[in-house]
Amino acid sequence: MISFSKDEYPVLAVQDLLIESLLKDTISILESPPGSGKTTVLPLVLLHSGLTEGKKILMLEPRRIATKNAAKRLSQLHGSVLGETIGYRIRWETKVSQNTQIEIVTEGILTKMLLSDPELKGYGLILFDEFHERNIDTDLGLALIRSCQKLFRPDLKILLMSATIGNFSLHKWGIQNKPIQTQGKVYPVQIEYLGSSGKRIHQRITDVLPTILSKTEGDVLVFLSGKREIFDTESALQFVAIPNIQIHTLYGDLSFAEQEKVFQKAKSGYRKVILATNIAESSLTIPGVRVVLDSGYHKKVSFDAKTGLHRLQKKRISISSATQRAGRAAREAPGNCYRFWSLEEERDFSEADVPDIVQADLSQLLLFCKAWGEDLENLPFLDPPNRSHIWEAKELLTNLQCLDEKGNLTYLGKLCVAVPLPIRLAVLCVKLAELGQKQMGIEIALLFEAQGLFEEVDKDFTKLWENREKILGNLSHAKTMFQKLESLLPAANPTAEKKAIRLSGCMSFAYPDRIGKLREPSDKRYKLANGQGAIWTNEESTPPKWIIVMDGKQGDQDIEIKYWIAISEEEVFTLHPNRILEEAVCILEEKPDPILKCVLQKKWGQIVLSETNLSLEKSQDSLTKLQSFFEKYGYRNFLASKAGGQTFLNRVEILCTYGYIESDFTEEVLASKASEWLLPLFDFQKTNCKLLDCEPLEHLELLLSYSERMLLEKEVPRYWIAPTNSKLLIDYSNPKQPKISVKLQELFGLRETPSIAGGRLKLSLHLLSPGGKPVQVTSDLESFWNHTYFDVKKELKGRYPKHPWPDEPWQALPTKGTKKQNLS
């Protein structure tokens, strides 16, 4: 092994501190900037320190290209053949031997290794490189390693490495030791903000690149959001024909041979222009790069737990990512970074990206945890997974038959854990393999692996299948993937019925929850088995009766179908007979008038195939639905809508306010006693009930005892008897100020204001003229007689001369009629 210089690799300045920390602590932290040698030299130093006592070192990288390049660089520095002392493992490719002491693997590989060997017996140290990226596999791998430490391997050491470890706290894990920090070979970066523009990014790059090339040196690294922008920019640059440049592309599913070209020197007199996604943001050092052009965007997969759909969305990068990108220009010498946004816009950038575990689909992660033997919620994650996403993951895995109803891993689930495919495709491949159609399953999986083939909106998957030879011919690792899957998938089940299954039937194994049926023959809307809605948006073709929605985007209400395949009703029922069930369902139809009804539904998932009317008593949900409706509608609101309902409630309120009874008829009281006054209103032997078409007051009054009802009539009566013996209805619309409307002459001889509740609540008197028109409102009759009455008398006596207008009304006889009528 060659010796290394601290000047060339600054991380060596802290190697003694680092080894001391690793000997003392189970988890150590290294914060070291790019160019310090933490990826390319430190693993060799730690190997030869004797720290692992003969056990191997495992280093994790977030990407396949970084994994292979790190392994290649380490083997060069070590002076050995790649695959001997230093090796690597990535999906579909392994290069290790019995002599390998340092293995570099992608983070997802670690999970597979732990499932096959939970103790990691042959390893003494696990290095998490670029830990700041916080991929979901990073968090899962670290949680499982910490669990491994606790259960089996207290001697196993962990080293977290990143240039920006300080962006998040590890204290909530109980990790109190501070990061060991070292300097890197830092070169200055001149940053220039070019601002935003209405032009598309490939147009902007072709506009500014000639000028930037004229005033800078070295190769150019251009960060774009995704492959589409890369291809557009590549075409635009070829069209304008800038002299003396070599255009390269760099993205995740580019063949390794093409990726390798990026690291090769340009031809003499030429400069490389590398169009890359965020794959080049960290973990990689591309020799010769002195200039970075940053679009300020990246593509992130977002997960909608409600629909179960994944969307690759273009989003703004974080400040942390912008810093990483700019740093690519100054790995070997001073550089320049041109940002296609303004400094003012940058103030709205987030400091760091949200960890995947908070926002991602957790179905694969949950499956691995079940295989590990631990509930996902109990593992020591740095950030707890989103609970709603956990629930959706359990629902999906149960639907795919990977978990049973109790949440335990099924035989199918165990088989799928070993298959390095997304869970839906793993289920499809395993089921087809057991049915003797392994090749077809693998070819479907290969189609999905061919990234970028799903570009068009509203695409029939059948057309992609018919064109599979051409598509798979462009997939560089298709042969390797086919061989690997063929060896991993189970042999055909000798007891299973051997029959050819059509493509649509195959896809139903992967997407049973997204099988849909047209709601109506003339409609374009579907009801899916998972209960969601989907809509056919292709105006040029007729929607099939049954469909499998493989992908789509969320519309205003329903999923807009993007990738689909038609399936026959016969296939649905034949391939998934156990999903057909009959259930008594209580349905609330709120418009035009709320009706509660019960039907016997024959369903496939949530798709209703037929309905038969049943009596409401046949459904266990009838009472719950009825009460839920009234809780939402409001019990008091319901009563107020009935004749005399609001008056009764307000009278009881007054009785309670003045201490005659302990409790008023509040929403809570009415809800708690609904079985006594509300439920008897409905006949549950019928098939439906009109919820608002009933009269509840008779039952409601029975909630009061006999003595309370007597008190109600006595202290808060419905009527007041005037001095003329007129029976006047008391208006209780305002319980704090009940009122009566009465002709003024009927109150003659009455000095005190009428009252209720034992004289404690005076009635508001709305006094009327002999003709019944409003005259005055008072709650103090005596004051009215002594003062206001005379003004009223002066105004009305001429208008009603036949009616009495005494000077002392409190002593006069009450009357309903004229003077002559009174004399007679």
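What you have open is a predicted model, where local features need pLDDT of at least 70, side-chain atom pairs count only at pLDDT 80 or more, and totals for chains, interfaces and linings use all residues. Residues are numbered from 1 along each chain as its sequence is written, and side-chain values use heavy atoms, with hydrogens and water left out.

Start by colouring the domains, whose bounds come from an automatic or database domain assignment: domain 1 (10–181), domain 2 (189–353), domain 3 (357–418), domain 4 (581–716) and domain 5 (719–799). Now pick domain 3 and domain 5: their C-alpha centres are 75 Å apart.

Next, select 289–294. That's strand β13, with 5 of its 6 residues buried (under 20% relative accessible area, 1.4 Å probe, protein chains only; exposed is over 50%, partly exposed in between). Strands here are DSSP runs (E, at least two residues), numbered from the N terminus.

Two strands pair if DSSP finds at least two bridges between them. Look for V220, opposite V291 in β13.

Then show residues 335–339, strand β16, which runs parallel to β13 and is joined to it by 4 bridges. Here V292 stands opposite C337.

Last stop: Y719, in strand β27 (residues 719–721). Y719 counts as partly exposed because its relative accessibility is 37%.
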